Amino acid sequence: MNLIERVVAISRRRSPWICRLNAGSCNGCDIEITPLLSPRYDAEQLGVELHGTPKHADIVLISGTLTLRSREAILDIYAQVPNPKAVVALGSCPASGNVFAGSPLVLSESLDSVVPVDVWVPGCPPRPQAILDGIARAAKLLEDGATKSQLQNWLGRLS
């Protein structure tokens, strides 16, 4: 990591901007994200901001089951997030499909087979504290240059 990349990484440490994507869940994870912005959890104290566009985000929160239709949307949105970026998978649906597994339109693969997932937040739905911890871990990975997208870029430079 050169000096400029290091300065950018340090500046992102305290201001991770978040874009969330519901890939087709029951909305339980989305309901648990909302309290993060309330005074009780105060994610903005850590510099966390929710943004509606992936083009301004550092971290993508993805909840829900991977379906035939959501797979393309996830790939499209992931491509719009500028590098470096981190992906946080919320709940058990992105990993296993949870109660939706076996449905005709649900893919039998985890989110990690579509986009590189840096942090898995378990639970159904995960508690707001766990989501906030996952965001903090993703921000730390961004600062350290250790997200999977950063490592892929680094390996691409070597080859």
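## Strand S4 and its partners

Isoleucine 62 stands opposite alanine 89 of strand S4 in this predicted model. Strand S3 (residues 59-63) pairs with S4 in the parallel sense over five bridges, where pairing requires that DSSP find at least two bridges between the strands. From S3 the chain passes through H3 to S4, a right-handed β-α-β crossover; right-handed denotes that, with the strands pointing away from the viewer, the path from the first strand over the helix to the second runs clockwise. Helices (H or I, at least four residues) and strands (E, at least two) are DSSP runs, numbered from the N terminus.

S4 also pairs with strand S5 (residues 119-121), in the parallel sense and over three bridges. Here alanine 89 faces tryptophan 120, standing opposite this residue of S5.

## Burial of S4

Strand S4 (residues 86-90) is largely enclosed by the rest of the structure, because five of its five residues are buried. Buried means under 20% relative accessible area (1.4 Å probe, protein chains only). Ala86, Val88 and Leu90 point one way from the strand, while Val87 and Ala89 point the other way.

## Serine 70 in helix H3

Serine 70 belongs to helix H3 (residues 68-80). This serine counts as buried because its relative accessibility is 9%. Serine 70 touches Ala23 and Thr65, leaving aside residues up to four places away in sequence; contact means heavy atoms within 4.5 Å. A polar atom of the serine 70 side chain lies 3.3 Å from the backbone oxygen of alanine 23.

## Basis of the values

Residues are numbered from 1 along each chain as its sequence is written, and side-chain values use heavy atoms, without hydrogens and water. Local features need pLDDT of at least 70 and side-chain atom pairs count only at pLDDT 80 or more, whereas totals for chains, interfaces and linings use all residues.

Definitions and conventions:
Buried means under 20% relative accessible area, exposed over 50%, partly exposed in between (1.4 Å probe, protein chains only). A polar contact is a pair of N or O atoms within 3.5 Å; within protein, one must be able to donate a hydrogen and the other to accept it, and residues adjacent in sequence count only if both atoms are side-chain atoms.
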